[in-house]
Structures are given as C-alpha cells and as structure tokens.
Amino acid sequence: MTTSTTFASVSALVRRETSMVYDEGKEYLVEARLNPLAAARGLGLEEYVARLALDAEERRKVIDALTINETSWFRDHTPYQAFTEAMVPALLERRAAARRLRIWSAACSSGQEAYSIAMLLDQHLPAGWSYEIVATDISTAMLDRVRAGRYSQVEVNRGLPATSLVRYFTREGRDWEIAERLRQRVTVKHLNLAAPYAGLGTFDVVWLRNVLIYFDATTKADILRRMLPMVADDGYLLLGSSETTLDMPADLAAAWQREQIGRVPTYRRAPVRTFLSGPTPPTGTTSPSLTSPSLTSTGA
Amino acid sequence: MTAVDAPAVEDLLAVTEDVWLALVGDDDPLLPRAVPPGSPFDAAAWSSVTTISGGWQGAVTVELDEALARRLTTQMLDLPADEAPSDSDVADAVGELVNMVGGNVKSLMPGPSVLSLPAVAAGRAAFASDTALACRLDLVWRDAPLRISVHIPQEGPR
Amino acid sequence: MRAMIIDDSRAMRSILRRIVTGLDFETSEAEHGQAALDQLHAGVVPDVCLVDWNMPVMDGYTFITEVRANPEWRDITLMMVTTESEQRQIVRALAAGAHEYVIKPFTADAIVDKLSLLGLLPEESAVTA
C-alpha cells in the first residue's frame, strides 16, 4: 500500500520536474505504475520511493512511468476531420509560396497523434509540398518509441483504418512498423511543456490535446500564453475535447479566438495587434508583450 | 540453417498473453510454471490443435486443465457463475483459443500458409511420431495449469 | 443498426454479440459463410457483417466475394474479425471488398473504434469511443 507520505513525495517529485499535478485520489495510478519499477529493483514501493532522492536514473524512470498519456490513432476522429477538411485546404492557399507545413504534436506520447497527422498529410498534400511534424514529450521512453515507430498488434487494432495499416505499416515480427518516409518527417524532441519553448520555430497547427488537464490553473495559463507566439498568425491550436481557453484569465482568453470548424473548436491568435501596429508582422517576430493586458485594454 | 524453424518462446508467450488479455481481462494474469523439460502435461482434460501448412509447417497445441477450461468457457460465453458450461461449449471455446494462438503464430512464420480449423479432444493431446517439439510454454491461470506447444515435422530419421 | 455476426465459434459470437448489443445493435448470427448467405437471401440484410475468415463450409473471404458480387447488397458494410494477421491477408480482404479489418485477439474498444470509423455509431458514442 502507498502510504500518504510516499504518495506525497512522489507527487512532489513529479510536480517539481514536470509541473504536472498528481492529486490525492491518484494513489492507485502511482502504485500501479511504480510497483513494477520497485519490483525490478527488488524493493517494496515505500523503500523504492525513499531512495529516489539519491538516484537520478530511477527518478527519470518514475517521471517516464507517470507521464504516459493514453493515446490512440485519430483519437476522437473529428479534430482530424477538421484538419483535412478545413485547416489543410486553408493552409494550402496561405502557404502556396513556401509549400511547406509545420505541425507540432505537443505531449506526443507514443507518437500515434504525430503519425496519424503524417498519414493524413501524406494523402492530402499535393505533389511538391513538404511538411515537418515536431513531436515533443517529457518522457524519454516515449520519445524512443516515436523514433522507433513500432506498434503492437493491440495498438494497430485500435482506431487505425485497415487501409492505412496496410499502406503505411510493415509487419516486423509481432509489431507493425511505420513507413520510413513518414518517420523521416517526424522530428522528435525532449520538451517539458512547463519550461521554455526555445528553438522550435512557429507552427501552422499545434496539437495540444488532452495534456493541459494534468497541470494546475497557473501552469495551464502560462502554457497557453507561451503557446501564442508558437502558432503562426493564420495557424491553429487544437485542444482536447474537455479543454478550453475560456476558463483562462480574461486577457489570455481574449488572445485566443475560438473558431468552430464543424463540431471542433479551434483556437487562433486574435488579431489585436493588426490595428495596434498596422500590418501583421512576419511569423515568428511577434513580441509576446503585444498580447499583454495593458495593450489589449488600450486597443479596446 | 538460416530459415526460421520455430517461433521464439517469448513470441509465443506474448501472443498467448494478448489472447488472454482479450478474453478474460487483466485481473488474473497468466503466470509462468516451472516444468522439467520432457515431462508430459500432467493435467490435460482438454486439448486442441491447429495445423499450419504452406510456407511453414507446424502444429500449435493447447492443453488445459479441466477447471481452467471450464472457467475460461464460462468467461467467454459470459455464463452465470452457477451455470456449468456443457462439454460442447468447452470444446467450442478451447477451439477458438487455439485458433487465435495458431493464427498469430502463423503470422510470425514465413508464409504464405494456411491455418486449419481447430480439432478439439477431451484428454491429453496425441502428437504425431514424425513431429518434434519446437517450442513449449507452461503457464498457470488461477492456480490451474495449461500448456501451449508448437511441433514441427521431424527432419528425417535421427 | 443491425449486425450479422459470422463465426464458427459460439464463444466468439457471444463475445461479439455482447459488444455490439452494448452499442444498441440488433444482431443475427451465422456459423459460416454459406449460412450467412442463406440469411441474406432470405431477406435478413444487416447494416454490417462481422466476418471470421477460417470457417467450415464457406470461409469469410469467399463470403465477402459473394456479397460484393451481388449489387443488391452493396450497402452492407463488411468487417473482417479474424486471427489471420499477415499483411497480405489484410490486403486481400480489402481488395475483395472488406471495409475494415480487426485482428483477433481484440479488445471491445477495437470493435467500437472500427464501427465508429465506419460511421456506424451515433455521434455521441463515436465521440466517447
């Protein structure tokens, strides 16, 4: 059994290193995910947790074990439908000169979201276009999985159309491996969403789905604020179906304009600065201060 | 010889665990059982076999303890706990079990091959004298034993 | 929605029946491809067939070919549910007219996900799938 001290100490560790919140009531989850780690070291759970302070390698394993999100191919369907039916066509017009799209799969977990997007772009981008998908996660174990691009039969059985399975995967022993040409489009990076987003560039579409729920309100607001300059002026942010910017501080909620595509809410940068500073500055040079409360209220 | 002669025991285990997870969930996992090599299955009340022929030749056999076979059948058919499955129900469930394991073993071996319909028998499995054991797995589920084995044609007289 | 479950194993039909009746499907069952064809000819025409591959009398691959050869049945969605799991078998089944393919062993979620992909679930169940 996890005693409350053991749980509190694990919860504090995860919060310190990832800003993710493991409230009381998640004891079962901590226990289920850490018991195998403790057993591998021949220790009881409490004993194992007590030693974490001295062992950076085991701490990394604990973070990995506790930050893995549930995922599946084309999760929830509708965001992917909105992506191919509305976002990609719009971006094809907007990016006709560059002929390149950049997508961010933030908190990519085992990579099923990133590769779902890659399969769609492979089908929907005209010849001569290229794309890059940046997949980031805090778990190094998950990043290794994305790089390998190998999935079990149980995983490919769920939510992946059979036509895509045979088109984009090859059977390798018991696993199925994603096509090399798709894997080449996915750049894997280690990133804590609560830490700075340096050197990522801007993106046409950011998929930040089903991860904000793990953070407290302050961190959530901070992430959504720092996400603003990451999305191109005419780009899109996608959140999970239970997540929204509407419960954020007023200035932040206003900085993200909700735009409904069918049943899918997307979030786009509000055009506040266009009437403050004339023409939209080129992508990537926008100062975050433009979305600060004082400027927004001046504009209003 | 470079060709793959038999499935690896870890692959057979993984396939079996996937089948078990799908059929009965993860409340009661399959556990390993230490059995000396060469010892015949000591509890067989039900056995089922499916053969693979084509690019690879082999037979996959499942042998189960009586209580285990009945519990598995009860779970697969979702029968009330107090309702005993008929022998015909058990034969059906045990046949489907070897079909799933066998089909997945086939997919791991060189092909194309064809999977036979399962043959189910009450009692211990009989293995053809011109075949050799290539891979064997002894497991325990809820304290009752089962064995999965793969036999391949024997290469000439020894 | 109506589903026809075609599998020679009663236990497997029972597992599939529980999954799809949980999604408010009405079900019919057949123990091989020929029995399923007979039902279709008798007017029992479902929205979707869940089809095993290896069965006595008529296998699932032949069944799919037969269904696709009859224009009257073109609205039937065909989903293989089988332990046949080589890439070439999946390609063959899709080429013969199967819309989807689930590999045995499967979890209930896999069936739900695929039915949702095929647009056979009401919106609410599709979203929570």
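Reader: In what order do the elements of chain C run from the N terminus on?

Author: This is a predicted model. In it, the elements of chain C run β-α-β-α-β-α-β-α-β-α-α. The chain has 6 helices and 5 strands.

Reader: How much of chain C is buried?

Author: Buried residues make up 55% of the 129 residues in chain C. The test for each is 20 or more other C-beta atoms within 10 Å of its own.

Reader: What share of the contacts in chain C, at a separation of 6 or more, joins residues 24 or more positions apart?

Author: The share is 57%. A contact here needs C-beta atoms within 7 Å.

Reader: Why does B:Leu64 count as buried?

Author: Count its neighbours. B:Leu64 has 30 C-beta neighbours inside 10 Å. The cut-off is 20 or more. Therefore B:Leu64 counts as buried.

Reader: Where is B:Leu64 found, and which residues does it touch?

Author: B:Leu64 is found in strand E3 of chain B, residues 58-65. Leaving out residues up to four places away in sequence, B:Leu64 touches B:Ala45, B:Trp46, B:Ala69, B:Val94 and B:Leu146. B:Ser129 is 65 residues apart from B:Leu64 along the chain, and their C-alpha atoms are separated by 22 Å.

Reader: What does UniProt list for residues 48-125 of chain B?

Author: An unreviewed UniProt entry lists them as "domain: Chemotaxis phosphatase CheX-like". Over these residues the chain is 44% helix and 28% strand. The end C-alpha atoms of the stretch are 7 Å apart.

Reader: What makes E3 and E4 of chain A edge strands?

Author: Look at the order of the sheet. It is an open sheet of 3 strands, E3-E5-E4 of chain A, with antiparallel pairing. Strand E3 (150-151) and E4 each have a single partner strand, so one side of each is left without a neighbour in the sheet.

Reader: How do you know that E3(A) and E5(A) pair?

Author: Count the bridges. Pairing needs at least two. E3(A) and strand E5 (residues 175-178) of chain A share 2 bridges, in the antiparallel sense. The bridge partner of A:Tyr151 is A:Trp176, in E5(A).

Reader: What makes up the contact between chains A and C?

Author: The contact takes 13 residues from chain A and 18 residues from chain C. On the chain A side, helix H9 (162-168) and strand E4 (169-172) each supply at least two residues. H9(A) gives the most, with 4 residues. By class, this side has 4 nonpolar, 6 polar and 3 charged residues.

Reader: How many residues of chain B are in contact with chain C, and which helix gives the largest share?

Author: 22 residues of chain B are in contact with 18 residues of chain C. Helices H1 (9-24), H2 (66-77) and H3 (87-108) of chain B each supply at least two residues of the chain B side. The largest share comes from H3(B), with 10 residues. The chain B side divides into 10 nonpolar, 7 polar and 5 charged residues.

Methods. Residues numbered from 1 in each chain as written. Chains lettered and ligands numbered in written order. Predicted model: local features only at pLDDT ≥ 70, side-chain atom pairs only at ≥ 80, totals over all residues. Contact = placed C-beta atoms within 7 Å. Nonpolar A, V, L, I, M, F, W, Y, C, P; charged D, E, K, R; others polar. Buried ≥ 20, exposed ≤ 12 C-beta atoms within 10 Å, placed from the backbone. UniProt positions renumbered as here; feature names shortened; annotations may be inferred.
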